[in-house]
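Biologist: I'd like some practice in reading a model residue by residue and strand by strand. Could you walk me through a few features?

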Amino acid sequence: TSEERDNYIADAPIKMKVGLDANGYMGISYWDVSESAWQQIQRSSFAVQDGQEFKLGVKIYGTRGRLHTQPKIHLLEPAAPVMYFRYVESPDGYYSYPLFATEAEADYYELTEAGVDNGSHTHVYPDDPTNTTWYMPNTAHSMDHGISPVGQGMTFDGNAINWTEITSLTNADLAPSAYSAYDLTVNEGEAVVHQTQPMDTWYTTTFANLPAGLVDLGAGMIGGNAPEVSGDNVANPSDSYVVDVIRTNSYGSSTGQLTLIVNNLTPPATLPDGLTQTHGGLNGDGTLAAGGVVTLDDTLASGKRLIVPKTWVEANVLPYVSGSLEKAYVGVPSASANWSNAPDLHIDFDAVMRWEGQSGNAHKSTMADGSDTVARSENSVGSTTNAYYHYAIQWDGTDLVVMADTDLSKLNNEHDYTQMSRYSAYESYSEQSGALPIVLATKQGGSMDLDLTGLSFVDVPDAPVNILTPWTKALDFSGSSERCQQVSSSSSYNPVMMGSQSVTVSAPAAGKTTVAGNSHPWATAVVFKTDRHSSNQHIWNVGEGAGGNDDNIYCRLDASGNLYFGWGRDGALNECKIYDITYSQTNDWFGLYVASNGTRLSGSDATAANLAAAFDIRLMTSDNGDNFSTVGSNLSTVANWSAGSTGGRMDRSVLGATTVGGRGSNRSFHGKVASMVITTLRRNQNMPTDNEITKMITDPVKWVQNFKVGKQYRIPYSSGEFTFSRNESAPAYA
């Protein structure tokens, strides 16, 4: 009389069960949906013996019957637990279910729904204020679903589920607190390193509305240089910028404000030193007014070049000739120049470079000399901020030449101006003699900043030589506390101090520098000659001095002439014995290169093998028959470290001073030092090649030119990387 009879007759599926009950009787039952219970149809009159096994057979009579699903095999069902169904919304808008307070409930749900006893797992939700451990079936569940289970008509074992929501905090409750702090006041152009995120916080900090010159260095740190303030410090004492500090975690974001106040250091407009007003006047911000002319107090002497780098053009010219036909000039005026009229390219100049605004996204650069009736060289550059070329005017007493090239080193070092990308030569110039005047001029609404920083006069380079470093001088140390000492003791300007951090740093892959954010790889090279004085002497030293708890990194000679590189403090040193300098070698020069790949070891890890892998040490000398031609193999070997001492900690901070010729005021060197190079290395990069090491020792000037200028480099106190230029302060720190 049940619904299942009607379903069976109507060819609708019904659920059947056949098997052994708890007493061993074979029985057949059907599932009564209306009663939510199994109803037995028939059972055997006898119990089967223990250990007997059976297989299920299904025989279909007629053509209408069919097997609706594959049979599932179960053991006797244990007593079902009382089921309390829960769900959670975490984070907001994402629902996970079902969740149970007990493992038994979750396991029973998994068994019933999946048909297999897969078990369950646990969850703890950070926005659950009770911090309860909840159980979830391993497979029969929904994670991070976009819809709540409430109202979805879900059932379990034929019964509708009554859902209870686990109380959870909102995303806004768990979002990081908004940044709030005092205002930050800096001077225009000042280097800025400002931390906004405390240690041991796990949100991400980003910034919006950072003024030009400042960048996000990561980890909540703002770095760079403060922007310039417009006008003078009387009319406009400071500019203020409101920077949004955005803190974000998986639950949301908060935005606070940092007010950056930039002090104006610019006094009211006056003509800078080194210039004389020849015609016109100045704008209120000190720039040269349209139609104005100023003359440099310095002149272009015979045998000299005036260098005008693109950075100077980009800073002092291009921002002020943005309008169509606005012009600015740098050049040698003709003897008949008439400034009462607007400057003219062909009449008023014997040699000139000119920049002219064309449109919102381009400018034109022109070079001409007094022999040109039309411009000798014109170029349209598709940028209003990138000058593209560096410029120069050369006077050798006979020819007056205007030059340009994309490679500044050519203008500074190339002898033959015909190798430049562009040039205009006034050959056999006879209009004027002796030192020639240089003027800066503007026309047709153009203006120009009169900051002369970056302009320079250099000697006309000699014919090319293989080595750029002259090697004609050295410092002669004779003990008695004589030393060179770097003025700043800040780790921001001393690469070997490694940011003054007290850390261990894991070793990198072979041949590479370390990857970790707190690693600070570095390299040094010193060229020296020793008197072989019988004393313990430091050729160079970075560190804290002679105290028992003072940490130092150094290169030293002992009383027997043994050359060591060392790291640590007296009584707890790591030292690598590099070479034995004999008394017969007092006339020889030595070049010692020591580079750290950034690895920093604890005392227990400072074994000879680990130390050997952490450094690259090379020695060149005039006494090996090669005369500084071959850099040789790496002397940081297990045997050389074993010949010194090991086991000293390398994870202490290194402070103090960088000195050449001693360890501070003691262990003074007896001998000559001709060169000392100290540089940062970039992280996760190949260690310097033999070619670069050779240049660092034998020709440091060319090393800077070939391996630094225009290349990426790392500042000493962080992971920040920038492009190396001779005309900026940060590269000097590195």
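Predicted model: local features only at pLDDT ≥ 70, side-chain atom pairs only at ≥ 80, totals over all residues.

Biologist: How far from D239 is the nearest side chain of opposite charge, and which residue carries it?

Modeller: That is K310, 24 Å away.

Biologist: Which side chain makes a polar contact with D239?

Modeller: The side chain of N236 does, at 3.1 Å. Setting aside residues up to four places away in sequence, D239 also touches E228, V229 and S230, along with L260, I261 and V262.

Biologist: And where does D239 sit in the fold?

Modeller: D239 is in strand β17. As a general idea, strands of a sheet pair through backbone hydrogen bonds, either parallel or antiparallel. Here, β17 (residues 238-249) and β14 pair in the antiparallel sense over five bridges.

Biologist: What is the strand order in the open sheet of four strands?

Modeller: Read it as β12-β18-β17-β14, with mixed pairing. β12 (184-187) and β14 (204-208) stand at the edges; each has a single partner strand, so one side of each is left without a neighbour in the sheet. From one strand to the next, the twist averages 30°.

Biologist: Which strands pair with β34?

Modeller: One is β35 (residues 552-557), antiparallel over six bridges. V542 stands opposite I553 in that strand. Another is β40 (residues 657-660), also antiparallel, over four bridges. There, G543 has A657 as its bridge partner.

Biologist: Now a loop. Where does Y84 lie?

Modeller: Y84 is in the loop between β3 (37-47) and β4 (85-89). Y84 and N162 are 78 residues apart in sequence, and their C-alpha atoms are 8.0 Å apart in space.

Biologist: Which residues is Y84 in contact with, leaving aside neighbours within four places in sequence?

Modeller: Those are L99, F100 and E105.

Note on methods: Residues numbered from 1 in each chain as written. Heavy atoms only, no water. Pairing = 2+ DSSP bridges. Helix = DSSP H or I, 4+ residues; strand = E, 2+ residues; numbered from the N terminus. Axes fitted to C-alpha atoms, helices over the stretch in contact; angles between N-to-C directions. Buried < 20%, exposed > 50% of the residue type's maximum accessible area, 1.4 Å probe, protein only. Lys, Arg positive; Asp, Glu negative; His and termini not counted. Salt bridge = Lys/Arg side-chain N within 4 Å of Asp/Glu carboxyl O. Polar contact = N/O pair within 3.5 Å; in protein donor to acceptor, adjacent residues only side chain to side chain. Contact = heavy atoms within 4.5 Å.
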